[in-house]
Amino acid sequence: MNSKHHSNSPSKVAQYATFYCDKSLLGLDISYVQEINRSFDLTQVPLSSKCVRGVMNLRGEVVTMLDLRTLMGLPAGKSGPRNRNLILKCDGDIFGLSVDGVADILTIDSSAITQPPSNLSIAESRLIRGVYQADKSLVMLVEPREVLSASLNLMRNAA
Amino acid sequence: MTCHPARAILRELTSLMLIVHSRDVALSSAEARSMDANSELQFLFLRFCLTDKDMFQDDELVQEFVVESAAHLAQVEGQLLEIESAGENYDIEIVNTVFRAVHSVKGAAGFLSLTVINSLAHSLENVLNMIRNRELSVTKSIVNTLLRSADQLRILVDNVESSNEVDVSELVSQLDAIYSGQPEQPEQPEQAAYEEKLETQLDHALEQAEQNVAAMESEVPPYSFGDEMQSSPMQSSGDVHEQFGQESTSDSPEVAESVVPHPTAPTPKINPVKIMEKTPAKNAESTHVSGKNKATDSIVRVNVAILDRLMNLAGELVLSRNQLILAVSNGTREGLEAIASRVDQVTSELQETIMQTRMQQIGTVFGRFPRVVRDLSNKLGKECVLDIEGDEVEVDKTIVEAMGDPLTHLVRNSVDHGIESPEKRKAAGKSAVGRVRLRAFHQAGKVCIRIEDDGAGMDPIRLKTKALEKGIITVDQAGTMSDNEALRLIFAPGFSTAAQVTDVSGRGVGMDVVKTNIEQLGGTVDLESNLGRGSAVHITLPLTLAIVPSMIVGCSGERYAVPQANIVELVRVPEAEMSSKIGTVHGAEVLRLRGQLLPLVRLDKALMLREESDAGDRPKSANILVLETGQMRYGLVVDSLYDNEEIVVKPLGKHVRDLGYLAGATILGDGYVALILDIVGLAMHSNLRNIDLVESDDHAEFRNGDEVHRLLLFTNHSCEQFAIPMAMVARIERIKSSDIRFIGCQNILIYRGQSLPIIRLEQSIAALPPDYEPENLFVIVFRVGDREIGLVAPALKDIRDVQMVIDAKTLREPGVLGAVIVDNATTRILDLMELVRLKYADWFVEENPVYSEKVVETPTVLLAEDSDFFRNHVTRTLESEGFKVIGAVDGRDAWDHLQAIFDEIDVIVTDIEMPRMNGLEFAKAVRSRENTAGLPIIALTSLAGDEDKERGALAGINEYQIKMDPVRLVDAVRRLAGTTV
């Protein structure tokens, strides 16, 4: 079933999976996250866009893995032991995001989400829907649909 | 089925209204009017929901109705046509079937309050009832009305949501007029109107079909499944609005005008002038569309027996899984192998059974063609019958669906361009009625479809001129082009064969798209034509797309899969021969392969897998896959070759789907993903063009030379090379040498549960025994009569087309025909039949008496053969079987002989390629003379392709026999001698 409980109705509580990309802490509505794994058996796809890291076998499905760093306009990082793949399902498309490590799951009330600051880079600001102030840090909330469309745009521009 | 999204929204809106309403009440309870207005609004909404609910009480029910009615109606058209063609003596049982089909549609429609469908079906049923009771004579115009009504019913059923809005009163009143027995005089203008409308519909259907064909090119990714779900707007949640809009048509007809019936279907360019008012033309565009969005296409009917079997298999799989888990947790290896083999068995059976559920009869596509041919030939003023064979041939559902439009195009082409007008046909001495044959059959694990017509055929010269005009080929190319290559020009983009572009065929979307579509399905298409006699299109398709036998290759550390269907052969060029075998022409790398130049594509370069500086990583030798895709042939250079695997094709995600060179992905045994290469895409990506020309030049060179035989070369002892004509080889098996047992003075190989007698060369002829005993051996299997026998070949060398200059004296012995020089090595050509005779003489004796009863006296054979070697060989063979043989050195010589002594000759055996007069000309000459016309003619050939055979058949040749297969030749001569054909 697709997630249909996304409305802008006031004061709604949702759970967010948080993770690291470079040094920043990001969050994603958990209803989009199918699973988190750490398989690195990626098959490179020649001539594909920069943001495509490759394709992998997810229990019999072939899933495209995207590189969140590239999408955020960051230089490619090294893969380390904390790297994980978030497998997301968004409007029927399944794709993966490789991130630099996962953190907690936070329950966030939508009223506590503030507009993203205006000094974000263009690449970042497209993907980020809002900012949540946690106890110690800021969590930038990522919109999966935007991730998908940004990566497809990147692909088309490359072509 | 889930809750209808539109309804869910309505429900939500209604509840929202309720909230608004109650607030209003609280705020201004005095204002009764406002409340009234609100309740009015609320009432309207409720009614909306209710009517909506009433009409589509249950999605499932409606879906079922659509699927079932479509199934009922699918047959009706053909049955009506059958009734029409039977005339007065129509079969009541067929009328009954039609009646029952319409009746059940009517019943179900009534139940679902689909009033328009119900009333049309009712009127149709009335007329059918009269026909059933023979109260009405069936005229063409009545059948026309019936056909139109059936068409309209189908359209209504396909667009069931909006069916109640369609005006069918015209049809209903016509049907009722027939029913009430009114004279048919108003038919005349209506007939004209109908013709016109039919034209419009045809136009639309054609336009749509062409667009579909074109759309398919971009829409249907080759080898991909699971798209049905994605491309169906009805099922994806993102289309709530469209659906909402569509449903609301039931209440607001104005809205209906603005709603496009199929939001995702390619919107056709509708010429507004052609749409007639008050006709359901708006819907007509979907009449013949094999739209993927329809409910009927996403549902498969499965035999309960198959489901039961699937259940059983699933049960067994669970059982095996439990055993496996137990074995793994116990850590014992014991019994693990048994479990593994069980899992293996169950999964392959499961796979096979699931495949069965996807299989559909190709008749579902063929069914539409009788009508297409009828309407089209009526329109063009031609007379034409369509023969359909092989309705029951089963193919994967996806292929059946995808073939609809290409086949329609081809059938239309046959009627439009192929079949001539009755006058022309009569003038050419043919029957006025043209014949189009549509055949489907299985062959060698593939499905073949042929579309043949006995029309005018295609003129290679005209095709060349046309291609020249259009700048598709150059003058030089036209000069060197063979007839067959000229025919293939119609597959070139931008080529249309009609001298004038008619409105029926040829609207820019041509044969090139048909060809691309078929190739995307992993099939091939080929053409054949005889000027004045007709043309034939041969289509070969794989049985299924889901599982593709493929070769796994490696390049720059990654593995890729290449479909076996595209691989012609594998060539390995060792380091030492790199410079002599691989060269460059205008900067493009080519491989010298048996005198031909084969363009090369380096996979690492094409996909930019290596930096230029890393080119040194390349292996020193080259592994080349020789690939063929219909019109292209090229070599793909890869680093390494792995194994052949049956791979399961998985679709790729959006980001990588359209890269052009990929056909999908698969998961290998180790869980790693391998990409599947699209051979056509890769060639285009690498800008490979004009490949035909390189090839055709080389072909010409070959054809002009001596006769070419395809030989399988192998060694027994590594110093001695032997050859066997490929035509004799049934197959080649790789076995363990320990599997050959010596039993009762014979070598026997046990395999596939049978024992196969084995011949070892060193035991039969003067040959050295193998200098080493490898673990694995090849066995060349061939047939003698209905038995099989194997010949041990320790090391296979190559398969070559060799121009045979045979020395039949020096090394001749029983079992050896003679010797040729191949690659500077003396190669002995084996006579397999003699080899067998040496060992198993009794195999031949017992067969003879069967024939000797028929043979009254010594039959005389006239043998035309220019090669002394073969003439002597065949003469010897035939004489040893008791025939009298008169030899001739070529066709002319044989013709001279024949005229002198035609009454002595019982059968003619002739070579094809001969100087002065070739075999085909000779055969034609024989057929043209009254006193020799009845003589049976057997052609001897070295490489008999189907194409050659058809050409031979046209010239009057009765049978083809392979030169080096004396058993079959003798058999054929015996069978045909003395008979008259």
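Author: A residue is buried if 20 or more other C-beta atoms lie within 10 Å of its own, exposed if 12 or fewer, and partly exposed in between, with C-beta atoms placed from the backbone. By that rule, 35% of the 981 residues of chain B count as buried. In chain A, buried residues make up 34% of 159 residues. This is a predicted model, in which local features need pLDDT of at least 70 and side-chain atom pairs count only at 80 or more, while totals for chains, interfaces and linings use all residues. Residues are numbered from 1 along each chain as its sequence is written, and chains are lettered from A and ligands numbered from 1 in the order in which they are written.

Reader: Why is B:Pro406 called buried?

Author: Count its neighbours. B:Pro406 has 27 other C-beta atoms within 10 Å. The cut-off for buried is 20 or more. So B:Pro406 is buried. B:Pro406 lies in helix α17 (residues 397–418) of chain B. B:Pro406 and B:Thr516 are 110 residues apart in sequence, yet 9.8 Å apart in space, C-alpha to C-alpha.

Reader: What makes B:Met608 exposed?

Author: B:Met608 has 11 other C-beta atoms within 10 Å. Exposed means 12 or fewer, so B:Met608 is exposed. B:Met608 sits in the loop between α24 (603–606) and β14 (622–629) of chain B. Its phi is near 50°, a positive value in a residue other than glycine.

Reader: Why does B:Ser556 count as partly exposed?

Author: B:Ser556 has 17 C-beta neighbours inside 10 Å. Buried needs 20 or more and exposed needs 12 or fewer, so B:Ser556, in between, counts as partly exposed. B:Ser556 also has a positive phi, of about 50°, although it is not a glycine. B:Ser556 lies in the loop between β8 (547–555) and β9 (558–563) of chain B.

Reader: How do you know what counts as a helix or a strand?

Author: Both are DSSP runs, numbered from the N terminus: helices are H or I, at least four residues, and strands are E, at least two. On that basis, chain B comes to 36 helices and 34 strands. Chain A has three helices and 11 strands. From the N terminus on, the elements of chain A run β-β-β-β-β-α-β-β-β-β-α-β-β-α.

Reader: Why are α13(B) and α14(B) called roughly antiparallel?

Author: Two packed helices are described by the angle between their axes and the distance between the axes. Axes are lines fitted to C-alpha atoms, for helices over the stretch in contact, and angles run from 0 to 180 degrees between N-to-C directions. Helix α13 (residues 304–330) and helix α14 (residues 336–358) of chain B pack at about 155°, with their axes 9 Å apart. That makes α13(B) roughly antiparallel to α14(B). The rule: under 35 degrees is roughly parallel, over 145 roughly antiparallel, 65 to 115 roughly perpendicular and the rest oblique. The residues of this contact divide into 12 nonpolar, five polar and four charged.

Reader: What makes α33(B) and α34(B) roughly parallel?

Author: The axes of α33 (residues 891–901) and α34 (residues 919–928) of chain B come within 9 Å and cross at roughly 20°. Parallel needs an angle under 35 degrees. Therefore α33(B) and α34(B) are roughly parallel to each other. Among the residues that make the contact are B:Trp895 of α33(B) and B:Phe922 of α34(B).

Reader: How do you know which residues are in contact?

Author: Two residues are in contact if their C-beta atoms, placed from the backbone, lie within 7 Å. The contact between the chains takes 26 residues from chain A and 22 residues from chain B. By class, the chain A side has 11 nonpolar, 10 polar and five charged residues. Ala, Val, Leu, Ile, Met, Phe, Trp, Tyr, Cys and Pro count as nonpolar, Asp, Glu, Lys and Arg as charged, and the others, Gly among them, as polar.

Reader: What makes a set of residues a nonpolar core?

Author: Such a core is a set of buried Ala, Val, Leu, Ile, Met, Phe, Trp, Tyr and Cys residues joined through C-beta atoms within 7 Å. The largest here has 77 residues. Those with the most contacts inside it include A:Val55 and B:Leu662. Strand β18 (residues 673–677) of chain B gives the most to this core, with five residues. Apart from it lies another core, of 70 residues, among them B:Leu749 and B:Leu935.
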